[in-house]
Amino acid sequence: MTHRPPDEPARPARPHPADPTWHGRTPEPRDVDPAVLAVLLERHGWQRRGGAAGRYGRWTPPGPGAGATSLLVPESRAFPDSEDLLGEALLALSRSGTLAAREVLLSLAVPSDEIHWWRDVPDGPAGAAPWTVEEHLRTAARRMLLAAALATRARAGYYGARHRRSAAASLGDVLVGSATGGRRLTAFVPVGSGRPLAVRLHQALYAAREAVDYRRATGGMDAFDGAVATGVSHELTEALVTLVKGSEGARVAVAWAPAAGVPEGCAPSAEPVEVSPGDLPVLREAGARYLRDEPSVPVRITGAVVRMRRSGPRGPGPVRLRVLAGADVAHVRMTLDEEAYRIAGHAHLVGLPVRVHGRLESRGGFRRLTEAAAMAPVQVDDAERDRLMKSLQEDLDFFEGACGGERGD
């Protein structure tokens, strides 16, 4: 046990991740559309309980004790006191300790499409749920967002490692609220950077639901083939399986940012997509089918050698490249014949990348290159060569492998 000296100031407490208190900048009344605020209040469970017709509405928060607090929200800016009422409503929201208030402020501060997940899980002791239930919901939501981000980059039944870095990076602007007892979670996708993701997920969820219904009604899997064009994939079916597994059912809904309007080709409002435990066999079958049927891809890759290993001084050997161009994956592995292996080793020692033709195999997540041929070093300028040399010489795995170490990939 350690003790802090008595004269040392206490470190500030780190806010709890589930703390619903608003810590951001409260929007200015002049920047808030009263109609948008009313839509968001209704979306997040607030209830309108009267008010002067045509002038303002009185809104109360969801949950017990709702009558103790209320907001007066003007219906328009047509009256002189409209901005004062907006300011008072925003101040009350910022001081409220409810999750519903925080979510409304977040949607006002950053116009966002909202993705909602619900899981029906049994109650634990005293109505509480184990913390693992909340983690399960967050994992499923994260996988679903990643699947939608992948679908904005290409259409495929199975992505594996392809496009994963850029897709994961695109989720950096997405804000996720607190998972209420592991049963409800909301993600806020900024319209400016993330609307294509929200649209793709919206369309893919409905296509997946229709494909599952078609399979259960007719026994055919044809609908899953066409659903790839809308963004359905192995990754999405796996996310749905994760969401539903261990629950009594789940729902997902996409709600459009009222300040930005409805995207073209999408319904203004739609019922949540429901998935039940009875859908799991079909979803698993579809995921396995996507994984099995996605073809290999012919590529010409430029990459830097980062690992080499063979059991003796001669013969073929495995090589690993860090991909610089030619494929949307971070690394690929391949087995080279003796001559190609020698070329790869020399290129590494002088700090040059190599170029090689082959086929990216779906087995292993598109991380393996087969039929490797035409291995050749690639000339680069001095600055790029120095950068590569510094990067590659820091990779101790290469040197251990070159000395006969048997490190695994």
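A residue counts as buried when its relative accessible area is under 20%, as exposed when that value is over 50%, and as partly exposed in between, using a 1.4 Å probe and protein chains only. After α8 comes glycine 246, with a positive phi near 80°.

Before we go on, a word about what you are looking at. This is a predicted model, in which local features need pLDDT of at least 70 and side-chain atom pairs count only at pLDDT 80 or more, while totals for chains, interfaces and linings use all residues. Residues are numbered from 1 along each chain as its sequence is written, and side-chain values use heavy atoms, with hydrogens and water left out.

Now the overall picture. The protein has twelve helices and 13 strands; these are DSSP runs numbered from the N terminus, with helices being H or I of at least four residues and strands E of at least two. Of its 409 residues, 45% are buried. Contact here means heavy atoms within 4.5 Å, and among contacts between residues at least 6 apart in sequence, 67% join residues at least 24 apart.

Back to α8 and one of its partners, helix α4 (residues 131-151). The axes of α4 and α8 come within 8 Å and cross at roughly 165°; axes are lines fitted to C-alpha atoms, for helices over the stretch in contact, and angles run from 0 to 180 degrees between N-to-C directions. That makes α4 roughly antiparallel to α8, since angles over 145 degrees count as roughly antiparallel, under 35 as roughly parallel, 65 to 115 as roughly perpendicular and the rest as oblique. On the α4 side, the contact is made by His136, Leu137, Thr139, Ala140, Arg143, Met144, Ala147 and Leu150, and on the α8 side by Glu235, Leu236, Ala239, Leu240, Thr242 and Leu243. These residues divide into nine nonpolar, three polar and two charged, where Ala, Val, Leu, Ile, Met, Phe, Trp, Tyr, Cys and Pro count as nonpolar, Asp, Glu, Lys and Arg as charged, and the others, Gly among them, as polar.

Another helix pair is α6 (residues 191-218) with α9 (residues 280-293), packed at an angle of about 105° with axes 10 Å apart. That makes α6 roughly perpendicular to α9. Val212, Arg215 and Arg216 in α6 meet Val282, Leu283 and Glu285 in α9, a contact of three nonpolar, no polar and three charged residues.

Turning to the strands, two of them pair if DSSP finds at least two bridges between them. An open sheet of five strands runs in the order β5-β6-β4-β7-β8, with antiparallel pairing. Its edge strands, each pairing on one side only, are β5 (175-176) and β8 (273-275). Within the sheet, β4 (residues 112-119) and β7 (residues 250-255) are joined by six bridges, and glutamate 114 stands opposite alanine 255 in β7.

Finally, look at strand β9 (residues 297-308), where nine of the twelve residues are buried. β9 pairs in the antiparallel sense with β12 (residues 354-361) over seven bridges, and six bridges join β9 to β10 (residues 317-325), also antiparallel. Glycine 303 has valine 354 as its bridge partner in β12 and stands opposite valine 323 in β10.
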